[in-house]
Amino acid sequence: MDDLRHDKDYTLYKPILETDKRFYIILLILLGVVAWAGYMYFRQLQTGLGVTGLNRAISWGFYIINFVFFIGISHAGTLISAILRLSQAEWRRPITRMAEVITAIVLLIGAVHPILDLGRPDRILNVFYYGRLQSPLLWDVTAISMYFTASTVYLYVPLIPDIALLRDRTHKFKWFYNFCSWGYQGTEHHKKVLGKAMTILMVIVIPVAVSVHTVISFIFSMTIQPGWHSTIFGPYFVVGAIFSGTATLLVVMIAFRKMYHFENYLKEIHFQYLSLLLLIFSIFWAYFTFSEFITGIYGNEPMEMNIIRYKLFGDYAPFFWGMVILNFVIPIIVLSFKKLKTIKGIFLTSCGVIIGMWLERLIIVVPSLTNPRLPYEIIPYVPSLTECALFMGGISLFCLGFLIFSKLFPLISIWELEEGRTEGLQEAKARLDSYLPNVVITGGNHYE
Amino acid sequence: MNNRKKMESPWIYAMQLSSVILMWVFVTGIITWIFNLLRLSIYLKDAQNATLGISLVVIPVFILLASVLTYVFIGMHKKTDEQQKNI
């Protein structure tokens, strides 16, 4: 313990070894919100879905919006981490762990939401008893369970060397770290085994991540409901997912940088690179939104136009234009100008993008149901306190999960940083040498 | 890395082994469920091709994930045994 205090990376061990008052206060607040959400859900179980704002025509509300929203956020984490690792981007080292944790926690929270949407949660077992794979709902179950397994394994395998470090260098949770480290000793053979496993996982995780959000979009696009039946929904959802996930990663990085004093690890350059990705995806998102609406408007199909008008100029216009401002106008302004592209500016823009992407999910789910083709009497959808409580509970559970993780494991990969210090420079140099053309002097100033 | 004595605890090894076995139990469960869905779709003559297509993607991915974990587990413990022999 004493020698650890003099370690150059003690800042990374500190959150695990030392706990201040602030941590317990945040923990209590989060636990309080989760308990409140738990109570509201218990009430929903007792009285049924009548306590929500759902009604006969509008059968999907907050729960499904949050399901798509949370699953979307989860996509960027592992995807960004895997792409950066595969492309051997050296600046990835302090980022990958946080990205992977986001995926594992948020995916779990998102996956629970369809169960919240069931008045009788025990009926989820029908999926296993009587499920049929011709239903996109079942594709979701399969895809999410596949992605959750892949991302959990992908989080765990690169964590093993750090768990071994904690086992050997700290006196906390000794038994737990012993169990989780799987006997890792840091030998060349062990490093080789982990390296191979990680390479296989990186290759699997990328297509799985892309396929999952495509499949999520299928629960809408496979119906012939106006506003949902679209061929570009798959890629549109994937782009939106990476966009919102990158914003969440930036928010998490900035929050923990401030909380645990990671300024020396998460430097300005990391935020500059990630915010560039955010800017690119903002443009992609705008392009897909434009394509989605222009094809509908040009087709001029009456039912489709009802929904488009409802979104652009009707009751949902404030949400639609709010979404456009938060997801496109603000990111373009803030992230294009060096003066505005500060860490504070990036943080505020990312928060805006997260809200904007939630609004996008709202705009996709609800307006199609509020304009049904059948002659229903329409009761506008207003979320109830139960739905709001469960949404707050979901967000608190995410923060709680992250906070507990930070108390057990390092939020920044220690072994990857060390590897970067010892081997990264030579590796990068060797790679650069291999990229550049060989220079052969054939005499005088002539090069071939 | 000087915790050899604790790491060799049979309880910890048993727990680690159980976690790998649990992963395989989970994967076997998923595969059984997928096979059941496939059987049902053939019996009902309902979307058999789609079901077969999905099964052909899902089953190998789950097996691959469990195999990667098993490979890591064996890789970690194999070397430890060799080290013990050297000692």
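A:Arg431 sits in helix H17 of chain A, which spans residues 414-435, where a helix is a DSSP run (H or I) of at least four residues, numbered from the N terminus. The model is predicted, so local features need pLDDT of at least 70 and side-chain atom pairs count only at pLDDT 80 or more, while totals for chains, interfaces and linings use all residues. Residues are numbered from 1 along each chain as its sequence is written, chains are lettered from A in the order in which they are written, and side-chain values use heavy atoms, with hydrogens and water left out. A:Arg431 counts as buried because its relative accessibility is 14%, the limit being under 20% relative accessible area with a 1.4 Å probe and protein chains only. Leaving aside residues up to four places away in sequence, A:Arg431 touches A:Gln88 and A:Glu90, a contact meaning heavy atoms within 4.5 Å.

The largest pocket holds about 1000 Å³ of space; a pocket is an open set of points on a 1 Å grid over the protein atoms alone, with protein on both sides within 12 Å along at least five of seven lines, and lining residues have an atom within 4 Å of a point. Of its 34 lining residues, the closest to the centre are A:Pro114, A:Ile115, A:Ile124, A:Val127 and A:Val141. Helix H7 of chain A gives the largest share of this lining, eight residues, and helix H2 (10-44) of chain B is among the elements that give two or more.

Notes: Buried means under 20% relative accessible area, exposed over 50%, partly exposed in between (1.4 Å probe, protein chains only). On a 1 Å grid over the protein atoms alone, a cavity is a set of points where a 1.4 Å probe fits but cannot get out, and a pocket is an open set with protein on both sides within 12 Å along at least five of seven lines; lining residues have an atom within 4 Å of a point. Grid points are joined across faces, edges and corners, and a volume is the space filled by probe spheres set on the points.
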